[in-house]
Amino acid sequence: MSDETTQWTGSPSQLQNLGWFIACVLLVPIPWAIGRWLTTRSTVYTLTDQRLNTRRGVFTRITEDLELYRVRDTKVEQNFFERMFGLGEVILYTTDASTPEVRLAYIKGAVPLRETLRRLVEARRDLKRVTFGNYVRPGEAADLKSIAGRMASLLDPSMSWKDVDDLRK
């Protein structure tokens, strides 16, 4: 048996997969492209003077509101492709625990939108009086010593670190 020689080596032809290849080239990308088109088409951003409403979803609708006074900072990013078509991504950094960052991708006129957002955020903050001074009662001084005093008055001196750990659970 040591004189055994190989006469032929092969594997099945890929022609057995021709139907799958055609399906992948023609059918899979088309439904995928239609799905992407529907997803993009069903995403709607509505900016009011109080909030940014995001509504998205084809079969399941998700609606999110971001109160403008919660926006800490804004940024616009534009890659070369986006700049060619006047698009950009507006990024909002927020104090909202559920959505610390909101991205509005491929937005036409992203730079003017960011400026509009910045103006509306500032106006909303002024109206809601959202500043570090929120820890000061009306009519009190807003210096660091009075803010520290107000913060100290809000704390319960009988609490221990164990109590704080229990609250976190």
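1. I30 is partly exposed, with a relative accessible area of 47%. Partly exposed lies between buried, under 20%, and exposed, over 50% (1.4 Å probe, protein chains only). I30 sits in helix α2, residues 29-41. Helices (H or I, at least four residues) and strands (E, at least two) are DSSP runs, numbered from the N terminus.

2. A word on the source. This is a predicted model, in which local features need pLDDT of at least 70 and side-chain atom pairs count only at pLDDT 80 or more, while totals for chains, interfaces and linings use all residues. Residues are numbered from 1 along each chain as its sequence is written, and side-chain values use heavy atoms, without hydrogens and water.

3. Now the hairpin. Strands β2 (51-56) and β3 (62-67) pair antiparallel over six bridges. Pairing requires at least two DSSP bridges. R56 has I62 as its bridge partner. Five residues lie between the strands, and G57 takes a positive phi near 125°.

4. The largest nonpolar core has 13 residues. Such a core joins buried Ala, Val, Leu, Ile, Met, Phe, Trp, Tyr and Cys through side-chain atoms within 4.5 Å. β5, β6 and α4 each give two or more residues. The largest share, four residues, comes from α4.
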